[in-house]
Amino acid sequence: MTKPSLPDLLHAAVSAVGGTERPGQVAMAEAVAEAIDDNSHRLIQAGTGTGKSLGYLVPALAHGERVVVATATLALQRQLVERDLPRTVEALHPQLRRRPQFAMLKGRSNYLCLHRLHEGAPQDEEEGLFDQFEAATPTSKLGKDLLRLRDWADETETGDRDDLTPGVSDKAWSQISVSSRECLGATKCAYGAECFAEAARERAKLADVVVTNHALLAIDAIEGAPVLPQHEVLIVDEAHELVSRVTGVATGELTPGQVNRAVKRSAKLVDEKIADALQTASETFERVMELALPGRLEEIPEDLGYALMSLRDASRNVISAIGATRDKSVHDEDAVRKQALAAVENIHSVAERITNGSEYDVVWYERHDRFGATLRVAPLSVSGLLREKLFEDRSVVLTSATLKIGGDFNGVAASLGLSPEGVEGDDVPLWKGLDVGSPFDYPKQGILYVAKHLATPGREGTRGDMMDELAELIEAAGGRTLGLFSSMRGAKAAAEELRARLDNPILLQGEETLGELIKNFAADPKTCLFGTLSLWQGVDVPGPSCQLVIMDRIPFPRPDDPLMSARQKSVEEHGGNGFMAVAATHAALLMAQGAGRLVRASGDRGVVAVLDPRLATARYGSFLRATLPDFWYTNDRNQVRRSLAAIDAAAQADGK
């Protein structure tokens, strides 16, 4: 039997989802197929509208060996599993003469734990060990959530938190879920045969395509114990997010509350002397943390060092003792023991990591008004880890609408542990970059307007001239505005001021769930939506409801961000330009993602307005602009107002 051709397969898949084949999508599919055949690596930038999901799914399904697809956002995971994969599999089945299987796999805490549900969560000592369903008042929010979870447990087939609509609070979910460290293990658990997390793993072992998230991919790489099934091909979508997600998984933290809970959970399981030593270490740590000031700790202060060594040693003794004792008087002893062990092991590993000290780690204090101080430790860079763990023994394709920073792939490649394109050497994974472009005609569909006449934004204080500009632009656009702010404080200040000035409804992130806000924004063209980080990347509103995207300033990391400033300093110490490599690259990625909110379909028209003159005047401005879509560029405020008014008039004439 002749092997079906890739163009034929792609054509069948695109027809099945009701799409249109695009040259960029064809080029992408060919590049992915080539990487799989050669067992090589690709970085592929595919602009909005390319149809990149099919661009990698079709060659992956045609390949026949197991493929893992890792994405950053829940929305894309759902789209792949609920829409793209079922339709594509059906479309390819006649030509492939097989029906590839696919499955979703997430971390264990994303699944309902039947043991927790039926036996109750081991609680902290002062609350006693009780059934959490009885304890939560049925009329309280927590009580209602828990009762709903109990009903849902009888009907769900997956136990996956994301299949529960509407969702529940983290507090409610934590009552009926466990981390991998807290899990008893299928063989020891009375509910092991029915376990949702185990069932998901079994489905993944049988699947041709496993859809997972960046965090689980990072856990698989970092922790050594494989959680993903063996696979020959890894496709990382939304790859611009990978470094920050891996950094998040590799970050440890300690808080007095967390240490205190570990003390309480373990106290009943070990003898008094060992428990008292951990209690004393906990109190010492709490006293140090009360005086902690936010910022990086380039050297560990003596009092903190002593507190951490005490925690490390005391927790190690508790871990040994928990493993050696049995207490049948404790209800559901194995679960209590496992939860206590997980809590104490985390304290031990973070305390030991900081005490040992490494030039490759950054340690800092954070302080929160409500929760007090936190001690954090994160890797200075994850590039070495990614080079070693990601690119070995498999072909890797990384794709996103934003991978070329300042005009080339090398910046993103360096953050992934890769050498510049084409450079060969020992232990250097070779890769190729490909930009398949976008089907959109950016110079005709969009304008990039930089308000060059405004004052340069300072660190503090309101910007009166910026508020005036913002109000005038929104009025010219007739609403239809997505406001992307570099801080929540900036978004709130703008929302308050403009609600007083304008008749347009202004929605603010945090006042409602993100999904509800986006739905309301899309439904009414006169409405504006203001917010911060998740809006820069998470909004997909094609059509006339989003015809003006405003960025209040270039989103550089805060100068006092300990991890970013440490990374910047490290680049400088090695002879590089720390500002360009870290701060400007971070800003460029976010701005490209933010500007990408404007044109989501071939009929979209509008303006991206940057209210920060540095994009036009600073030396790094051209680097940032080179990362943005190729919109028509202007500093002419009157021209932009006329254009917005014309776009608004056209939309109104169409009844939108």
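This is a predicted model: local features need pLDDT of at least 70, side-chain atom pairs count only at pLDDT 80 or more; totals for chains, interfaces and linings use all residues.
In helix H1, which spans residues 6-16, the buried positions are Leu6, Leu9, Leu10, Ala12, Ala13 and Val14. The cover over these residues includes helix H2 (23-38), helix H3 (52-63) and helix H4 (74-96). Just after H1, the backbone of Gly18 adopts a positive phi of about 75°. In helix H9, residues 196-206, the buried set consists of Phe196, Ala197, Ala200 and Ala204. Viewed down the axis of H9, these buried residues fall within an arc of 100°, and they therefore line one face of the helix. Their packing partners are strand E3 (102-104), helix H5 (114-119), helix H7 (141-155) and strand E4 (209-213).

The number of cavities of 30 Å³ or more is two. The largest cavity holds about 260 Å³ of space. It is lined by 25 residues, and those closest to its centre are Cys113, His115, Val178, Cys183 and Cys189. Two or more lining residues come from each of H5, H9 and helix H15 (333-356). By class, this lining comprises 15 nonpolar, five polar and five charged residues.

The second largest cavity has a volume of about 50 Å³. Its lining is made up of Leu217, Ala218, Ala221, Leu242, Val246, Leu385, Leu386, Lys389 and Leu390. Of these residues, eight are nonpolar, none is polar and one is charged. At least two lining residues are supplied by each of H10, helix H11 (242-249) and H16. H16 provides the largest share, with four residues.

Asp393 is not a glycine, yet its phi is positive, at about 65°. Its relative accessibility is 73%, so Asp393 is classed as exposed. A positive phi, of about 60°, is also found at Arg97, again not a glycine. Arg97 is placed in the loop between H4 and E3. With a relative accessibility of 61%, Arg97 likewise counts as exposed.

Asp237 occupies the loop between strand E5 (233-236) and H11. Its relative accessibility is 0%, and Asp237 is therefore counted as buried. The side chains of Asp237 and Lys52 form a polar contact at 2.6 Å. When neighbours within four places in sequence are set aside, the residues in contact with Asp237 are Lys52, Tyr56, Ala70, Thr71, Ala72, Leu76, His214 and Thr399.

The peptide bond between Thr165 and Pro166 is cis, with omega at about -10°. Within H8, residues 170-174, lies Ser174. Ser174 is partly exposed because its relative accessibility is 36%, a value between the limits of 20% and 50%. A polar atom of the Ser174 side chain is 2.7 Å from the backbone oxygen of Lys171. Ser174 and Arg116 are 58 residues apart along the chain, and their C-alpha atoms are separated by 9.5 Å.

Methods. Residues are numbered from 1 along each chain as its sequence is written. Side-chain values use heavy atoms; hydrogens and water are left out. Buried means under 20% relative accessible area, exposed over 50%, partly exposed in between (1.4 Å probe, protein chains only). The arc is that of the directions from the helix axis to the C-beta atoms. Contact means heavy atoms within 4.5 Å. A polar contact is a pair of N or O atoms within 3.5 Å; within protein, one must be able to donate a hydrogen and the other to accept it, and residues adjacent in sequence count only if both atoms are side-chain atoms. On a 1 Å grid over the protein atoms alone, a cavity is a set of points where a 1.4 Å probe fits but cannot get out, and a pocket is an open set with protein on both sides within 12 Å along at least five of seven lines; lining residues have an atom within 4 Å of a point. Grid points are joined across faces, edges and corners, and a volume is the space filled by probe spheres set on the points. Ala, Val, Leu, Ile, Met, Phe, Trp, Tyr, Cys and Pro count as nonpolar, Asp, Glu, Lys and Arg as charged, and the others, Gly among them, as polar.
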